[in-house]
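I opened the structure to look up ligand sites, helix packing and salt bridges. My entries follow.

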Amino acid sequence: MRVLSGIQPSGRLHLGNYFGAIQQFLKLQDEGAECFYFLANYHALTTIRDKQQLEDLTLHLAAGYLALGVDPTHSVFFLQSDVPQVTELCWFLNTVCPVSLMEKAHSYKDKLAKGFKANMGLFDYPVLQAADIIVYDSNIVPVGQDQKQHIEMTRDLAIKFNQAWGQDVLVVPEPRIVESVAVVPGIDGQKMSKSYNNTIEIFQTAKQTKKQCAKIITDSTPMEDPKDPEKCNVFALLRLVASPEELAEIEEKYRTGGYGYGHAKAQLADMINELFDADRQRYETLINDPDTVWDILREGGKKAREVAEATMQRVREVTGTYRTH
Ligand code: ADP
Ligand code: TRP
């Protein structure tokens with residue numbers, strides 16, 4: 001079973017990324033699946049037009065993934081742009097992709113609604129994502145709920161390609177979405193996302209974490225009154241980081257009263273800080289040694305290219321397009 005997932009280097013890692021995506025990546029890696037994880041820097045180009053910013057974010061993400069436990073001796077960890085076969089496959093998929101399918105993409109419609117100019121890169125984003133997945137013959141794609149549509153489109157395109165050339169050349173992948181943590185709320189209660197400016201970052205100091213937690217929006221129930229944990233943004237985040245016993249204890253305190261939102265926020269910050277303490281130390285070491293990080297990505301790129309090239313040979317063969325070198 002081959003697992004693949006990608007993440008755009010377009011912002012700093014936050015709890016939504018961790019609980020919605022990365023935690024699954026690590027679990028699959030630990031279960032012994034053959035994992036391919038990559039940084040989608042071509043996708044990030046649809047929104048980032050600053051060389052330094054893209055480089056910094058790429059390094060941050062790579063160091064972050066490695067610090068959190070992506071192990072390059074078990075998983076192929078690489079940069080999207082190190083595998084030119086991906087853009088090659090994207091073209092083949094474009095030729096079987098109805099324009100109407102892309103017009104339905106939520107991500108595209110959302111970007112337009114936010115005022116982004118429609119360029120072909122933004123429009124074609126799901127096809128490039130499909131190529132990312134298909135070029136490695138991926139079976140399982142672990143992602144957050146918001147990526148479900150993109151994976152459905154990927155399946156559509158693989159099936160359309162196979163039908164067009166009458167052969168099962170491309171593997172049709174399946175999404176893997178953990179429903180229980182499908183959407184991690186941000187400090188304002190909306191989906192946590194870098195574009196909403198409502199994140200709690202993973203790699204920051206304990207003090208900064210306390211500050212971000214202190215900003216979580218709650219209602220104005222006084223300290224001494226009982227509170228409903230189900231309606232509280234702090235509690236929703238506590239659910240992710242507290243043990244079942246700790247959570248039961250906190251829930252009891254909410255319902256009894258005499259326990260304020262300030263207390264809950266402080267406990268949440270302490271738990272987040274404890275959870276990521278060792279990862280933060282590893283991150284500091286890696287971010288101060290960028291050459292090691294780039295080397296790891298380069299090595300991963302070599303392995304990824306080999307697999308991608310084998311797929312492309314099948315694609316070129318079945319379509320009658322050949323490369324002679
Ligand atoms: P952002 O929303 O901050 O731009 P990305 O789109 O880069 O995050 O997401 C990277 C990965 O993390 C994706 O697989 C996405 O589904 C997951 N993810 C991001 N935010 C959340 C969230 N709030 N809850 C669950 N998963 C999330
Ligand atoms: N679109 C994904 C996101 O924003 C990133 C991505 C690009 C991806 N290619 C992928 C995810 C392939 C899974 C598989 O999160």
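Predicted model: local features only at pLDDT ≥ 70, side-chain atom pairs only at ≥ 80, totals over all residues.

Is D279 buried or exposed? D279 counts as buried, because its relative accessibility is 10% and the cut-off for buried is under 20%.

**Entry: the D279 pair**

I then checked what D279 meets. Its side chain forms a salt bridge with that of R282, at 2.5 Å from N to O. R282 is partly exposed, with a relative accessible area of 40%. Both residues sit in helix α12, three residues apart, so about one helical turn separates them. An α-helix has 3.6 residues a turn, so residues three or four places apart point the same way.

**Entry: other salt bridges**

I searched the whole structure and got 17 salt bridges. I picked out some of them.

R155 pairs with E174, with the closest N and O atoms 3.5 Å apart. This pair links distant parts of the chain: R155 is in helix α8, E174 is in strand β5 (residues 174-176), and they are 19 residues apart. R155 is partly exposed at 26% relative accessibility. E174 is partly exposed too, at 41%.

D270 pairs with K210, and here the closest N and O atoms are 2.8 Å apart. D270 lies in helix α12 and K210 in helix α9 (residues 206-214), so the pair ties together parts 60 residues apart in sequence. I read 41% relative accessibility for D270, which counts as partly exposed. K210 is also partly exposed, at 37%.

I also found a salt-bridge network that links D228, K231, E251 and R255.

**Entry: ligand 1**

I listed 17 residues around ligand 1; H14, D146, V184, M192 and K194 come nearest. Next I went through polar contacts. A polar side-chain atom of H14 is 2.7 Å from an oxygen atom of ligand 1. A side-chain N or O atom of K191 is 3.1 Å from an oxygen atom of the ligand. M192 uses a backbone N or O atom, 2.9 Å from a nitrogen atom of ligand 1. On its own ligand 1 has 540 Å² of accessible area, and the protein covers 91% of this.

Which helix gives the largest share of the shell around ligand 1? It is α1 (residues 15-30), with four residues. By class I get seven nonpolar, seven polar and three charged residues in this shell.

**Entry: ligand 2**

Around ligand 2 I listed 14 residues, and the nearest are G6, Y125, Q129, D132 and Q147. I checked nitrogen atoms of the ligand against side-chain N or O atoms. The distance is 2.8 Å for Y125, 2.9 Å for Q129 and 2.8 Å for D132. The protein covers 89% of the 370 Å² of accessible area that ligand 2 has on its own.

β1 (2-7) and α7 (120-134) each supply at least two shell residues. α7 gives the most, with four. The shell divides into seven nonpolar, six polar and one charged.

**Entry: buried spots**

How many residues of helix α10 (residues 233-241) are buried? I count seven of its nine. They are N233, V234, F235, L237, L238, L240 and V241. These buried residues pack against α1, α11 (244-256) and α12 (261-287).

Last, I looked at N162 in helix α8 (residues 148-164). N162 is buried, with a relative accessible area of 8%. Leaving out residues up to four places away in sequence, N162 touches Q167, D168, V169, L170 and V172.

Terms used
Residues numbered from 1 in each chain as written. Chains lettered and ligands numbered in written order. Heavy atoms only, no water. Near = heavy atom within 4 Å. Polar contact = N/O pair within 3.5 Å; in protein donor to acceptor, adjacent residues only side chain to side chain. Areas by Shrake-Rupley, 256 points an atom, 1.4 Å probe, with all protein chains shown as cover. Nonpolar A, V, L, I, M, F, W, Y, C, P; charged D, E, K, R; others polar. Buried < 20%, exposed > 50% of the residue type's maximum accessible area, 1.4 Å probe, protein only. Contact = heavy atoms within 4.5 Å. Salt bridge = Lys/Arg side-chain N within 4 Å of Asp/Glu carboxyl O.
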